[in-house]
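Hello,

Here is the structure I promised to pass on to you. Please have a look at it first, and then read on for my notes.

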Amino acid sequence: VADKYAIVITPSWLYLPMVNWTGEIKEYMRDAERNSNGEIPIQKDQKLWHASVKKYCFQWVNEHIDLKEDTWTTSNRNANKNGVWS
């Protein structure tokens with residue numbers, strides 16, 4: 001819950017430069033629709049994409065604040081040996 005809430009409270013002016021510097025933005029934007037079961041639409045604009053992600057994560061946090069099972073996240077993901085989801 002905490003990692004999703006961190007996205008909610010991080011402003012775009014801070015979040016977007018960080019994920020652009022690491023290059024993760026390309027992966028995040030490419031996979032957002034699949035990883036959210038279509039709830040986060042494909043966006044070309046990073047600010048619109050981030051707003052969609054923040055909205056989704058806010059709703060996710062409110063639904064899972066009591067740590068109940070995550071039924072939102074798609075099951076067609078696998079964690080690699082380092083625990084990173086793909």
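The chain has four helices and zero strands (helices are DSSP runs of H or I with at least four residues, strands are runs of E with at least two, and both are numbered from the N terminus). Read from the N terminus, the order of elements is α-α-α-α.

Before the details, please keep in mind that this is a predicted model, in which local features need pLDDT of at least 70 and side-chain atom pairs count only at pLDDT 80 or more, while totals for chains, interfaces and linings use all residues. Residues are numbered from 1 along each chain as its sequence is written, and side-chain values use heavy atoms, with hydrogens and water left out.

Some totals to begin with. The chain has 86 residues, and 26% of them count as buried (buried means under 20% relative accessible area, exposed over 50%, and partly exposed in between, with a 1.4 Å probe and protein chains only). Among contacts with a separation of 6 or more, 47% are between residues 24 or more positions apart (contact means heavy atoms within 4.5 Å).

Next, the inside. The largest nonpolar core holds 14 residues, and those with the most contacts inside it are Leu-16, Ile-25, Ile-40 and Trp-49 (such a core is a set of buried Ala, Val, Leu, Ile, Met, Phe, Trp, Tyr and Cys residues joined through side-chain atoms within 4.5 Å). Helices H2 (12-22), H3 (24-35) and H4 (46-64) each give two or more residues to this core, and H4 provides the largest share, six residues. Beyond its neighbours within four places in sequence, Ile-25 is in contact with Leu-16, Val-19, Asn-20, Gln-46 and Trp-49.

H4 deserves a paragraph of its own. Its 19 residues reach 26 Å from first C-alpha to last, close to the 27 Å expected at 1.5 Å a residue (the expected span is 1.5 Å times one less than the number of residues). Buried in H4 are Trp-49, His-50, Ser-52, Val-53, Tyr-56, Cys-57, Trp-60, Val-61 and His-64. Seen down the axis of H4, these buried residues fall within an arc of 165 degrees, so they line one face of the helix (the arc is that of the directions from the helix axis to the C-beta atoms). The face turned away from that buried side carries the exposed residues Lys-47, Leu-48 and Lys-55. Cover for the buried residues of H4 includes helix H1 (2-9), H2 and H3.

His-50 has 0% relative accessibility, and, leaving aside neighbours within four places in sequence, His-50 is in contact with Ile-7, Thr-10, Pro-11, Ser-12, Tyr-15 and Leu-16. Ser-52 is buried at 18% and, with the residues up to four places away not counted, touches Ile-40, Pro-41 and Gln-43.

Finally, Thr-22 in helix H2 is exposed, with a relative accessible area of 52%. A polar contact of 2.8 Å joins the side chains of Thr-22 and Glu-24 (a pair of N or O atoms within 3.5 Å; within protein, one must be able to donate a hydrogen and the other to accept it, and residues adjacent in sequence count only if both atoms are side-chain atoms).

Best wishes
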